[in-house]
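Please look through the structure shown here.

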Amino acid sequence: MDPASARRWSWLNDQRARGLIYQALLLGLIGALAWGAIDNALINMRARGIPTGFGFWNDVAGFDINLHLISYSNLSTYGRAFWVGLLNTLLIAAICIPLATLLGFMIGVARLSPNWLLSRFASIYTSIMRNTPLLLLLLFWYNAVLKSLPGPRQSISVGGVVFLNNRGLYLPMPIARDPAVWFLGAVLAAVALAAGFRAWARRRQDRTGAQAPTAFVAAALILGLPALVTAAVGPPFAFDIARLSGFNLKGGLQIIPEMAALIFGLVTFTAAFIAEIVRAGVLAVPVGQVEAAGALGLHRGLSMKLVVIPQAMRLITPPLTSQYLNVIKNSSLAVFIGYPDLVQIFTGTVLNQTQAAVQVMAITMAVYLAISLSVALALNAFNARYALKGR
Amino acid sequence: MSLEPVAYVRTAPEPEEPPPLLSRGGLAWIRANLFSSIGSSLVTIGCVALAAYLLPHLAAWATTRAIWSATDGAVCRQHQDGACWAFVVAKWDYLRFGSYPVAERWRVDVVEAIGAALVVWLLWMNAPRRSWGALLFFVVYPIVALILLRGSSLVGLPIVDTLLWGGIFVSLLTAVVGIVFSLPLGVLLALGRRSPLPVVRMASVVFIEFVRGVPFITILFMANNLLPLFLPEAWAPDRLLRPLAGIAIFSAAYMAEEVRGGLQSLDRGQYEAAMALGLNYPRMTALVILPQALTLVIPGIVNNFIGLFMDTTLVSVVGVTDFLEAMNNAIKDPVWAGPTILTTGYVFAGIFYFAFCYGMARYSAHVERTLAKGRR
């Protein structure tokens with residue numbers, strides 16, 4: 001090595017050394033920011049008399065919640081209120097995700113329909129929904145539609161079974177009777193038999209090529225067996241139908257207007273996004289695949305079922321999952337119409353009452369993060385399983 | 001032997017028959033696209049029936065049966081089967097400016113006009129000197145806008161408290177602040193996420209995934225409730241500044257993912273060529289990578305902006321009067337109270353948001369097609 005270049009060489013010019021310095025600087029900056037924030041927070045919280053621990057968790061909440069899946073009263077603790085809120089958030093997700101998927105696939109298929117008018121209608125629907133704020137939809141459903149309905153005495157009735165008024169939607173509540181056990185057994189047996197028949201039919205087709213009407217047999221079993229049992233031992237459920245008593249409807253399954261508005265709004269909004277995902281996924285399957293299916297002699301339905309849909313699903317699943325996560329995140333808009341979800345109960349009422357802002361926000365965000373991360377992990381597992389192999 | 005002329009051989013070709021009625025033109029199109037099968041025909045009839053039932057109804061509600069001018073809600077209360085546009089007309093100034101002092105509203109108009117001009121400059125793909133436009137929009141404009149809107153004794157403009165700000169102008173402001181701050185931040189995060197340095201990469205990933213994993217509303221609550229706690233008492237941020245910080249943070253994470261998409265779609269050769277020219281990392285990024293990557297993601301950025309503009313409706317949860325909240329307030333005015341006011345107000349708000357977002361979406365689709373042409 002000649003002396004001139006040895007003199008010019010400096011560890012500052014080494015890329016690895018520089019990398020280490022940059023990273024140390026960044027770590028230092030983050031550490032300083034975090035330390036400053038925590039220090040300030042402790043000073044500010046002490047100055048304002050805000051609790052710094054999680055002791056409030058077991059204090060009596062003292063407020064009522066009009067929808068709770070687990071027992072709750074105003075004597076319950078803040079911790080109990082948290083679980084009520086979390087379950088209400090998950091309840092909305094459990095109702096909205098299947099409904100939005102169903103509606104979204106229907107609209108997505110309509111968008112692909114060869115019928116020009118139908119595809120136009122579907123496209124107008126998706127444009128309107130995708131370019132309107134969800135909050136506006138929710139406020140519209142809640143204030144302009146559900147709150148403007150007539151009172152309980154003038155309920156809108158569907159066949160005297162389902163009632164709709166400004167106190168909510170009243171559905172018949174199924175109540176199990178004694179034969180319900182037999183009924184349940186019949187349903188399970190029918191499903192098991194149908195699965196067995198399907199496995200047998202598939203083995204036979206692999207061996208001989210002969211096809212069996214699996215769908216018809218399964219439908220006949222699953223509808224027929226429970227019907228037979230019902231005829232033999234009587235109906236398994238009694239339905240508790242809401243009826244007018246005094247100034248209100250009593251009985252039945254009441255869906256409060258806040259929940260109904262949240263469901264309507266979220267489902268119609270999310271369905272538009274799912275429809276676009278479905279359309280893009282189906283259109284992304286190369287035309288050659290459809291033509292090859294046609295050349296093999298598959299008619300349109302079978303080519304959809306066996307060739308197009310399986311390939312489209314691989315493209316549809318990741319964005320679809322992120323839409324499902326969006327449903328869970330968007331359900332936090334419940335706070336605007338007063339549906340008692342996690343955000344409304346916990347970051348709303350509990351935060352205001354306890355003033356424990358840092359703890360409450362940390363818990364709430366941790367819950368949403370845990371949901372998002374676990375879904376992301378599941379999605380990664382799915383992608384690894386179904387990714388195109390051998391490329 | 002001479003050949004007799006054969007009488008039945010044609011000497012001139014027969015004129016062409018017109019094509020069958022159902023194979024070309026409008027009728028054929030109708031048959032192929034509307035009545036190709038029994039099911040399709042039924043669907044067509046159903047759609048036409050639905051449109052024939054709904055459209056005249058809606059059109060009459062919005063036009064002929066609507067009340068266009070009135071001084072208070074009395075006329076609208078009498079005509080309950082039409083929209084009450086007079087309400088929107090009467091409240092228009094409030095919907096635009098909130099409680100911003102009437103004498104100072106020209107300042108908002110000036111800021112909006114400058115902003116609109118700069119946005120057109122930036123989004124018009126063939127405009128000259130777009131880099132100057134970017135500099136003006138991202139550096140000069142925020143400062144000018146702040147001075148004009150808030151006022152300053154230095155330039156002799158009276159100070160207007162942010163408590164008075166409201167309406168469409170606040171909605172636009174929050175969205176523009178979101179873009180102006182989140183784009184540079186998002187670029188940094190995207191570069192950080194692709195950095196070979198593990199600490200930089202981890203910090204970016206944690207930030208992006210954290211923000212994307214929680215609802216926007218919790219970010220707003222955090223900015224509103226925790227920011228004052230995390231900062232020294234003396235720096236306590238303004239009531240409007242807190243949600244703006246929340247929006248910048250939220251939108252930066254989504255922007256980062258958008259920009260990352262652009263970075264990933266660049267050809268490896270671009271990096272290698274830049275390195276072969278002897279450019280160091282900052283120069284390679286600034287001169288070769290970002291100009292190409294950012295052009296590619298313009299449609300994505302615009303789509304992000306649309307989402308951001310719709311998400312700004314949530315800021316009312318922390319007490320900011322955006323357009324939707326101003327509409328909610330206007331609806332509650334007892335002078336106009338009536339059964340048609342609620343629907344009129346929400347429908348108008350819906351048309352406003354739709355027109356804005358749909359226009360932007362069309363633009364982004366157009367740019368996407370233009371860019372795709374060049375890359376084919």
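Into which domains is chain B divided? There are two: domain 1 covers 25-78, and domain 2 covers 85-375. The model is a predicted one. In chain B, the centres of domain 1 and domain 2, taken over C-alpha atoms, are separated by 36 Å. The two domains of chain B touch: nine residues of domain 1 are in contact with ten residues of domain 2. On the domain 1 side of this contact in chain B, five residues are nonpolar, two are polar and two are charged.

Chain A also has an assignment with a domain 1 and a domain 2. Here domain 1 is 3-48, while domain 2 is made up of 78-149 + 257-386. Between the C-alpha centres of domain 1 of chain A and domain 2 of chain A the distance is 42 Å.

The next topic is the contact between the two chains. Chain A contributes 45 residues to it and chain B contributes 41 residues. On the side of chain A that touches chain B, at least two residues each come from helix H2 (15-48), helix H4 (116-130), helix H5 (134-146), helix H11 (334-337), helix H12 (342-354) and helix H13 (357-386). Which helix gives the most to this side of chain A? H2(A) does, with eleven residues. Sorted by class, the side of chain A that touches chain B holds 31 nonpolar residues, 13 polar residues and one charged residue.

Technical notes
Residues are numbered from 1 along each chain as its sequence is written. Chains are lettered from A and ligands numbered from 1 in the order in which they are written. This is a predicted model: local features need pLDDT of at least 70, side-chain atom pairs count only at pLDDT 80 or more; totals for chains, interfaces and linings use all residues. Domain bounds come from an automatic or database domain assignment. Two residues are in contact if their C-beta atoms, placed from the backbone, lie within 7 Å. Helices (H or I, at least four residues) and strands (E, at least two) are DSSP runs, numbered from the N terminus. Ala, Val, Leu, Ile, Met, Phe, Trp, Tyr, Cys and Pro count as nonpolar, Asp, Glu, Lys and Arg as charged, and the others, Gly among them, as polar.
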